[in-house]
Amino acid sequence: MTHLGRVVMTAVAAAAVAVIPAAPAHARAACAGASALPQQSRLAKVRAATLCLINAERRERGLPPLRADRRLSRAATRHSRRMVRLRFFDHVGPRGLTMAQRVEAAGYTGWRRLGENIAWGSGSRSVPARIVADWMRSPGHRRTILDARLREIGIGVARGAPQPVGGLPAATYTTNFGAR
């Protein structure tokens, strides 16, 4: 099986879901910055809250927490920024660059398994609690988050959206998951 054949890739447009409750109150309370607007907060705080919320979901199901990996974070951040700058929303870039190629270019080599979730939202739909809650309601994204074989994560958040949002503040998220 090729590297690409083992890659788990899923996507969600957080803003496309009509009525979305936030993450459970206990998770929001335990994760500082879970309701932080990326447009008004330091992105490091938003990334930390996103990791905390994802690990809370894993912990609730008896799974080990994901460890932050700087190489996966670099790839995720670059992808989020690129989606905003080039106005696209996909796992494959306009020039055909795949998630596997992006993480390897960022130095994350020798992997056995990869996964990726992407999302974007505007206003209150751009906060970490909302993004993670959206992912947990989507079977494919939930499966990636709760995959016990995945052990490391990189989180990239960029201010802005891959499409016009009528002047509303927005944020675009990429999470790259890996196992080596």
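Colleague: Where do Asp134 and Arg137 lie, and how many residues apart?
Modeller: Both lie in helix α5, three residues apart, which is about one turn of the helix, helices being DSSP runs of H or I with at least four residues and strands runs of E with at least two, numbered from the N terminus. This is a predicted model, in which local features need pLDDT of at least 70 and side-chain atom pairs count only at pLDDT 80 or more, whereas totals for chains, interfaces and linings use all residues. Residues are numbered from 1 along each chain as its sequence is written, and side-chain values use heavy atoms, with hydrogens and water left out.

Colleague: What does Asp134 form with Arg137?
Modeller: Asp134 forms a salt bridge with Arg137, with 2.9 Å between the closest N and O atoms; the term stands for a side-chain nitrogen of Lys or Arg within 4 Å of a carboxyl oxygen of Asp or Glu.

Colleague: How many of the residues of α5 are buried?
Modeller: Nine of the ten are buried, so α5 is largely enclosed by the rest of the structure; among the buried ones are Pro128, Arg130 and Trp135.

Colleague: Switching topic, how many salt bridges are there by this rule?
Modeller: The count comes to nine. One of them pairs the side chains of Arg102 and Glu116 at 2.3 Å, N to O, and this pair links distant parts of the chain, with Arg102 in helix α4 and Glu116 in strand β3, 14 residues apart. Arg102 is buried at 5% relative accessibility, and Glu116 is buried at 0%.

Colleague: And which residues have the most contacts inside the largest nonpolar core?
Modeller: They are Ile54, Trp135, Ile145, Ile153, Val157 and Tyr173, in a core of 25 residues, where a nonpolar core is a set of buried Ala, Val, Leu, Ile, Met, Phe, Trp, Tyr and Cys residues joined through side-chain atoms within 4.5 Å. The elements giving two or more residues to this core are α2, α5, β4 and β5.

Definitions and conventions
Buried < 20%, exposed > 50% of the residue type's maximum accessible area, 1.4 Å probe, protein only.
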